[in-house]
Structure formats: structure tokens, C-alpha cells
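User: I have a model open and a few things to ask about it. Can we go through them one at a time?
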Amino acid sequence: MDFVITINPQAALPLHRQVYEELRQAILLGRLAPGQRLPSTRSLSQSLGISRATVTQGYEQLLSEGYLEATPGSGTFVCDQIPDDLLNTVPIQSTFHVANLSLSLSAYGASLTNRALFRLLELEAQINFSYGRPAFDKFPIDLWRKLLSRHCRFNADVLDYTTDSMGYRPLREAIASYLARSRAVKCSTEQIIIVGGSQQGLDLITRLLIERGDWIAVEEPGYLGARRTFLAQGACLFPVSVDESGLLVSNLTTGTVPNIKLIYVTPSHQFPTGVMLSLPRRLELLAWAQKSGAMIIEDDYDSEYRYGERPIPALQGLDQGNSVIYVGTFSKVLFPSLRLGYLVLPHNLVDVFTRAKWLADRQSSLLEQHALTDFITEGHLERHIRRMRSLYDQRRQTLAQSLVSHFGERVKILGENAGMHLMVKINTTLSDEEITQCAALAGVGINAAHPYYLKDSPGSEFVLGYADIDEEQIKEGVRRLANIVFS
Ligand SMILES: Cc1ncc(COP(=O)(O)O)c(C=O)c1O
């Protein structure tokens with residue numbers, strides 16, 4: 001195995017200690033994964049040009065501290081279980097040695113070394129209620145392939161750099177017309193910028209509008225993807241609670257409230273509770289933003305899926321001023337690896353966002369933008385959404401009915417009228433960890449909701465995605481969950 005670490009013979013730190021530090025950092029930062037085999041001491045010493053005894057000394061220290069384990073005859077491996085407390089308490093080095101230079105991480109870089117903040121749930125369960133994943137097997141992949149190949153031929157316009165970092169103009173036109181029809185968003189093509197999913201949109205918004213120490217109000221509980229971006233760029237977060245009518249806007253004007261520069265909201269389908277921000281609260285929020293001068297970020301990530309109730313127009317469409325940046329994504333209606341989303345910006349922000357997009361990555365992939373334009377303008381998008389809405393509706397009803405029939409009074413279902421997930425509150429004495437771990441052992445993946453709270457979470461709340469699971473699996477998954485809670 002080739003594995004590169006950097007050793008500096010001129011440094012004051014002894015060589016065996018450098019081997020130890022470099023490997024330890026590689027383990028803590030995930031460059032070396034649990035279970036991964038290390039190179040033999042002989043091959044590493046040869047590639048580094050140092051003695052084998054020096055490398056062995058470094059390995060021995062890591063073995064004694066529990067980072068590595070040795071299996072006689074097979075080699076040395078990274079331990080499967082690096083204790084959590086070790087991951088959280090060992091400060092991760094924010095200085096790296098490259099040749100004779102000592103490089104420090106920026107404040108942004110240093111904030112990304114907080115592993116606790118970035119621990120992602122990796123769910124490999126047989127029945128996976130992880131949220132936010134559309135029904136992949138129902139995506140019209142043959143049609144998509146046809147549209148891609150239509151544009152995948154010699155065509156300098158598709159292969160070249162673009163002169164327009166805002167995105168392929170016909171795609172922006174198609175999005176403007178789709179948003180006006182389906183979400184009552186008021187915008188012209190000139191206000192739309194294509195971005196690499198909502199995540200890049202949020203990143204650009206934070207970079208352009210936030211200084212370290214500025215305050216951003218966020219929903220409590222709320223979406224981690226947004227919070228992580230805000231925190232990484234040095235923002236301070238002000239949590240605003242959510243009730244059955246959505247964000248408690250009055251909390252922005254009562255008590256001690258810092259000077260808020262941005263507020264991030266998911267009004268159509270609050271993440272994770274699923275509640276919809278009522279019309280009176282929408283108007284109240286817009287009035288507050290106008291008065292305070294704060295900008296609202298409206299993340300409309302899955303509003304296409306609304307069951308039964310009439311959709312409420314987007315906040316952006318109700319805005320009389322220039323207080324809203326609307327963020328949209330194709331991750332839910334098509335598929336997340338497409339990495340295409342869009343921002344609808346007030347006119348006065350368009351130029352600076354276009355330049356920031358150019359600096360970040362020049363442009364989003366043109367081939368996919370061309371295919372997506374045809375997908376929208378030829379009517380496939382709205383047809384696909386209609387089909388998925390009816391499929392997800394069935395799956396949602398199956399999930400809600402199974403929960404009620406197995407858990408009865410001991411479950412409260414929240415936010416089931418929209419989206420691709422619902423949130424449940426289970427009346428149980430088991431801890432969230434006990435439930436998620438027992439569920440994992442039973443082959444069922446679920447997310448506890450406590451990581452979505454900045455302050456104390458009430459506990460016993462879980463987010464269950466249902467879009468990518470068939471009805472039989474949904475019933476079986478709920479049956480297994482009930483066995484855990486009632487055993
Ligand atoms: C609240 C919210 N916004 C946005 C997204 C989508 O992010 P992206 O467009 O970067 O894939 C998700 C994904 O689950 C989400 O939950």
C-alpha cells in the first residue's frame with residue numbers, strides 16, 4: 001500500500017515522534033479509515049528513507065494507545081473503534097508541516113477540524129428510513145441518458161468554459177417559468193444563478209453576507225447542512241423555536257435578541273418537524289425583516305411534495321421589498337448527485353454572487369444543465385413530480401398507518417402533510433441511542449432528532465424518511481421498531 005506522510009529530518013521533533021504524529025492525525029482526520037491496513041514497517045521506512053526501528057517505535061506507541069491493532073501474520077490495522085471521547089477531546093492539529101514550511105489552517109479550516117460537528121450518520125441498514133433520498137429506482141434513467149447523449153457530442157459550447165457563470169440561460173429561463181407557475185415566486189431570469197445544490201448556495205450566501213461574529217437566526221430544531229456552513233464561517237447562531245404554525249416570529253422581537261443579519265428558514269416544510277409556516281407568520285416574518293434590515297434565506301428543498309393541502313405561495317412571492325433569497329434544489333425532485341440547485345436573488349446582489357460563483361468553481365457542469373433544460377421544457381419534470389407525489393403519498397400513508405397500528409397512543413406523528421419524511425415522538429423510557437442502536441442491530445436505520453437542536457432536545461423524537469422504501473419494507477421496519485420499544 002502506498003501511503004504518504006511527511007517527515008522533516010531538520011525538525012526538532014524526533015523522527016519516531018513525527019511518524020507517530022503524522023499517522024495519528026491521518027487516523028483522526030479519517031485519511032486512514034477504521035480497519036485499514038497500514039504499510040509494513042519495512043516498506044514505510046524504505047519510502048521515507050528512515051530506519052525501520054524508527055518507524056517501529058512510532059507504530060508501537062500508536063498500538064499502545066489503542067489507535068492501531070496488530071494481527072500476527074496479517075499486519076497492522078487501524079482500530080475499528082477509536083473511542084469517541086478520544087475523537088472529541090484530542091485537539092486536532094491545525095498546523096501541518098510541509099517540507100520546511102509550517103502551514104496553519106485558516107479560522108475556517110480550523111473550524112472544520114471539529115469532528116463532532118461533522119460526524120455523519122452512515123446508514124447501511126437493510127430497511128433504511130434515512131431522510132431526503134428520492135426513489136432512485138423510479139427515476140427515468142433511460143430518458144435521462146437520452147437527453148445527456150443528445151448533448152454529449154462535439155459541441156464547443158458544452159465542452160468549453162462558459163462566459164456566463166450564472167448558468168445556462170435557457171435553464172434559468174425554464175426555472176423562472178417553473179417557479180412562477182408552481183411556487184408563485186416573482187422573478188426574472190436575470191435573478192437566477194445556478195449553483196452546485198443548495199449547499200453551494202448557502203456557502204456563497206454566508207461568504208458574501210456574513211463576517212465572523214455576525215448573528216444568523218436559525219430554526220430550532222433545524223437543518224444541519226445550513227448550520228454547519230454558518231458555524232464554519234464564524235457566524236453566531238440564534239435559535240428560534242418552532243411550534244405547529246412554524247417559526248415563532250415573536251421570539252425575534254421579545255427578550256434579548258442580538259442584531260440579526262440573516263435568518264434561515266424552511267417555511268414550506270420545516271426541517272425536521274415538517275410543519276408549514278402559516279400565512280400570518282409569513283407576513284409577520286417579512287414585516288420583521290423589512291423593519292430590521294435582516295435578509296431571509298428561504299430554503300424550499302422539497303415543497304413539490306404536498307399532500308392534500310393547498311400549497312402556500314413561497315415567502316419570496318409575498319415579499320414587497322428585497323428581503324428574501326430563495327434557495328432551490330434538484331436533489332429531491334431528481335437526484336442529489338446531480339448537484340444542481342439555484343438561487344433567486346434580489347437584483348442588487350446578482351453581480352456579486354455571479355463573481356463569487358466564478359471564483360468558487362467557474363460554472364456548474366454544462367452537459368447536465370443542457371439535459372436538465374430539456375427535461376424541464378419538454379414536460380418531464382412536472383410529469384415525474386406528479387408520479388413521485390402519488391408514490392410518496394402512498395408510502396407516507398403506509399408509514400403513518402403502520403406507526404399508529406403498532407404504537408397506538410404511544411406515537412405522535414408530526415409534519416406528515418408534505419415532503420419525504422415525517423417526524424415522530426415516541427413515548428418510551430429508552431434513550432435515543434438505545435433505540436437507534438437496537439434498530440441498527442435489527443437492520444433498521446433511523447435518525448434521532450436530537451442533533452438538530454442547538455439547545456436541549458426533548459428527546460424520543462425521530463425522523464423517518466419514506467420516499468425510497470417500498471410499502472412492504474415500511475411495514476416490516478415499523479414492526480421491528482415496535483418490537484424494540486415494547487420488548
Ligand atoms: C433542509 C434541506 N435543505 C436542502 C437540502 C438539499 O441539499 P442539496 O441541494 O445541497 O443536496 C436538504 C437535503 O436533505 C435539506 O434537508
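Analyst: A definition to begin with: helices here are DSSP runs of H or I with at least four residues, numbered from the N terminus. The model is a predicted one.

User: What follows α15, and what is its phi like?
Analyst: Gly-379 follows α15, and its phi is positive, near 90°.

User: What span should α15 have, and how far apart are its ends?
Analyst: Helix α15 covers residues 366–377, so at 1.5 Å a residue its 12 residues should span 16 Å. Its end C-alpha atoms are 16 Å apart, which agrees.

User: Switching to the ligand. How many residues surround it, and which are the closest?
Analyst: There are 13, the closest being Ser-198, Asp-299, Thr-329, Ser-331 and Arg-339. By class, the shell has 5 nonpolar, 5 polar and 3 charged residues.

User: Which helix gives the most to that shell?
Analyst: α10 (residues 197–209), with 3 residues.

User: And which polar side-chain atom lies 2.6 Å from an oxygen atom of the ligand?
Analyst: One of Thr-329. The side chain of Asp-299 has an N or O atom 2.6 Å from a ligand nitrogen, and that of Lys-332 has one 2.8 Å from a ligand oxygen.

User: How much of the ligand's accessible area does the protein cover?
Analyst: 92% of the 400 Å² that the ligand has on its own.

Terms used
Residues numbered from 1 in each chain as written. Predicted model: local features only at pLDDT ≥ 70, side-chain atom pairs only at ≥ 80, totals over all residues. Heavy atoms only, no water. Helix = DSSP H or I, 4+ residues; strand = E, 2+ residues; numbered from the N terminus. Expected span 1.5 Å × (residues − 1). Near = heavy atom within 4 Å. Polar contact = N/O pair within 3.5 Å; in protein donor to acceptor, adjacent residues only side chain to side chain. Areas by Shrake-Rupley, 256 points an atom, 1.4 Å probe, with all protein chains shown as cover. Nonpolar A, V, L, I, M, F, W, Y, C, P; charged D, E, K, R; others polar.
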